[in-house]
Amino acid sequence: MDIFLPISIKAPVNRAVETLVSRFGDSLHVVNDLLLQGGLLPIERLLRGTPAWLMLILIGLLAWHATRRLAHAAGIVAACYLIGCFGLWDLLMQTLALVLVSTALAVLIGLPTGILISQSRLARRLLLPVLDVMQTLPTFVYLIPAVMLFGLGKVPAILATVVYAVCPLIRLTELGIRQVDPEITEAAWSFGTTRWQLLVGVQLPLALPSIMAGLNQTVMMALAMVVIASMIGARGLGEDVLAGIQTLDVGKGLQAGIAIVLLAIVIDRITQAYGQSQRLQNMTRSRETGGHESR
Amino acid sequence: MNPVEIPPPPRLEARHISKIYGIAAQRALQLLRSGADKATVQAETGCQVGLHDVSLAIAAGHTHVIMGLSGSGKSTLVRHFNRLIDPSDGDILLDGQNILSLDAAGLRDLRRRRISMVFQGFGLLPHETVQGNVAYGLLTRGEKKATVLDKARRWIDRVGLTGYHDRHPHELSGGMRQRVGLARALAMETDILLMDEPFSALDPLTRRDMQQLLIDLQAELQKTIVFITHDLAEAFRLGQRIAMLRDGQLVQDAPPEEIRHAPADDYVARFVATLG
């Protein structure tokens with residue numbers, strides 16, 4: 001005998017998505033256009049329009065500014081140059097545009113959400129399970145509805161990327177704020193700080209290393225989504241990986257794969273270097289208290 | 001024409017302060033009032049008694065030391081005076097006015113203009129310079145940046161940190177950090193200063209220097225200081241009056257000589273014995 005009751009949410013969910021598409025499809029296309037025209041396309045045009053040599057110089061300067069080491073900067077530039085040698089420069093710029101826009105959106109959503117969770121226990125209790133779902137739900141489960149709502153192309157790719165990549169930023173923002181030394185916040189309160197002053201003057205600066213670590217993770221995860229995003233029509237390096245798989249052209253796939261890895265390393269080194277310069281300051285913070293009496 | 005000298009009214013006063021930690025605080029309070037002791041209350045209600053019926057008057061311009069062992073409630077008590085902790089029962093008066101009735105804005109104003117505080121672990125902002133730390137409270141209460149930096153520099157000089165205004169806290173020794181903490185509190189120019197074991201984390205020599213610094217400053221500034229310590233030598237050196245706390249209750253509140261010659265009980269006597 002079958003002990004399982006026959007429960008299925010397939011039909012109602014399908015109906016809900018259908019009505020969503022038919023009723024809000026048009027207004028969602030406005031969102032679509034806004035993201036494309038206002039965000040992705042201008043950045044893509046800018047990145048692809050900039051001559052490669054200038055781009056390499058800019059990357060080099062950024063890398064030097066972040067790491068303060070000539071050798072590191074040179075290595076980062078060499079990695080980018082190698083991607084160009086593979087003939088993938090244009091695709092690289094498209095991928096970079098996608099990652100940048102996704103990351104910007106993720107910061108726009110993730111930072112305030114992380115702050116909210118750190119300040120309100122209710123928000124924390126409500127949102128943490130949502131984050132768990134976002135991180136564990138297989139990507140395709142929300143990729144397909146996103147395509148149905150926004151059509152094939154870059155926008156559903158960006159949205160799916162944001163859903164996937166925003167979680168570490170939210171978590172690490174919250175963690176960073178929660179880990180601020182309670183004696184420092186208490187001292188701030190004792191001087192008549194408002195909540196806003198505490199957040200801006202104390203909590204956010206002290207949480208910055210953690211927030212930067214979250215940002216680093218977000219960029220890395222956004223990059224990891226590039227291949228999957230290419231399945232729904234986002235252009236870029238993932239496209240070549242996909243084409244390589246589909247035509248059994250292992251070399252082509254590997255080449256594009258290596259390019260993605262190199263880009264990941266480049267972005268990782270630069271964002272980590274920015275996080276660490278702050279971290280050094282905070283590692284040595286005034287923690288050596290006597291601690292004779294804790295209240 | 002009254003021949004009897006009327007003592008000055010206290011600047012700060014705690015009246016019958018009790019602090020209970022736990023959800024059944026009301027029931028715990030009732031038990032305490034009916035004469036139950038700490039252990040009974042904890043067994044019956046699950047509540048921790050932080051303070052029980054403490055009344056203390058702090059005279060203007062005096063250094064009033066609050067002493068006790070770890071867990072005696074002295075750090076809890078001092079936090080009631082600027083309401084970092086709110087009491088479960090009792091009143092806190094500042095110049096005769098009950099500060100428990102203040103709303104959020106009133107409380108901020110109290111902390112910005114009347115009472116400042118120095119912490120055992122310094123509580124400095126690691127990402128700010130010495131000058132930024134000293135200026136913190138002034139900026140918080142909305143003073144102009146130009147005048148603030150000037151004021152901060154003066155107080156940095158006053159506590160003996162001339163030339164260190166650009167440094168970050170992690171570049172300083174413990175004693176220097178607490179000088180920053182002291183300058184930050186003094187820069188507020190409040191008439192009341194709360195000091196929660198400010199020198200306990202320092203080595204004995206540095207501690208002596210800091211005590212001397214405080215004595216010198218106090219001779220000039222005449223602030224009302226509530227000073228927490230577990231070191232009776234420090235209490236004798238700094239205090240005009242010493243309050244002894246034990247298990248959240250006030251055991252004795254008297255001038256140093258009286259503590260020395262007429263300890264109220266065994267607990268106080270044992271403290272005095274450590275002086276040799």
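In the predicted model, B:L94 has B:Q97 of strand β5(B) as its bridge partner. Strand β4 (residues 89-94) of chain B and β5(B) run antiparallel and are joined by 2 bridges, at least two DSSP bridges being required for strands to pair. Strands (E, at least two residues) and helices (H or I, at least four) are DSSP runs numbered from the N terminus. The open sheet comprises 4 strands of chain B in the order β2-β1-β4-β5, with antiparallel pairing. Because β2 (48-59) and β5 (97-98) of chain B each have a single partner strand, they stand at the edges, and one side of each lacks a neighbour in the sheet. Helix α1 (residues 25-33) of chain B packs on this sheet, touching β1 (10-21), β2 and β4 of chain B, where contact requires C-beta atoms, placed from the backbone, within 7 Å. The direction of α1 makes about 110° with that of β1(B).

The axes of helices α5 (residues 130-140) and α7 (residues 174-187) of chain B come within 7 Å and cross at roughly 30°; axes are lines fitted to C-alpha atoms, for helices over the stretch in contact, and angles run from 0 to 180 degrees between N-to-C directions. The two helices α5(B) and α7(B) are therefore roughly parallel (angles under 35 degrees). Residues in contact include B:V130 and B:Y136 in α5(B), and B:V180 and B:R184 in α7(B).

Residues are numbered from 1 along each chain as its sequence is written, and chains are lettered from A and ligands numbered from 1 in the order written. Local features need pLDDT of at least 70 and side-chain atom pairs count only at pLDDT 80 or more, whereas totals for chains, interfaces and linings use all residues; pLDDT is the predictor's confidence in each residue, from 0 to 100.

How values were computed
Angles under 35 degrees count as roughly parallel, over 145 as roughly antiparallel, 65 to 115 as roughly perpendicular and the rest as oblique. Two residues are in contact if their C-beta atoms, placed from the backbone, lie within 7 Å.
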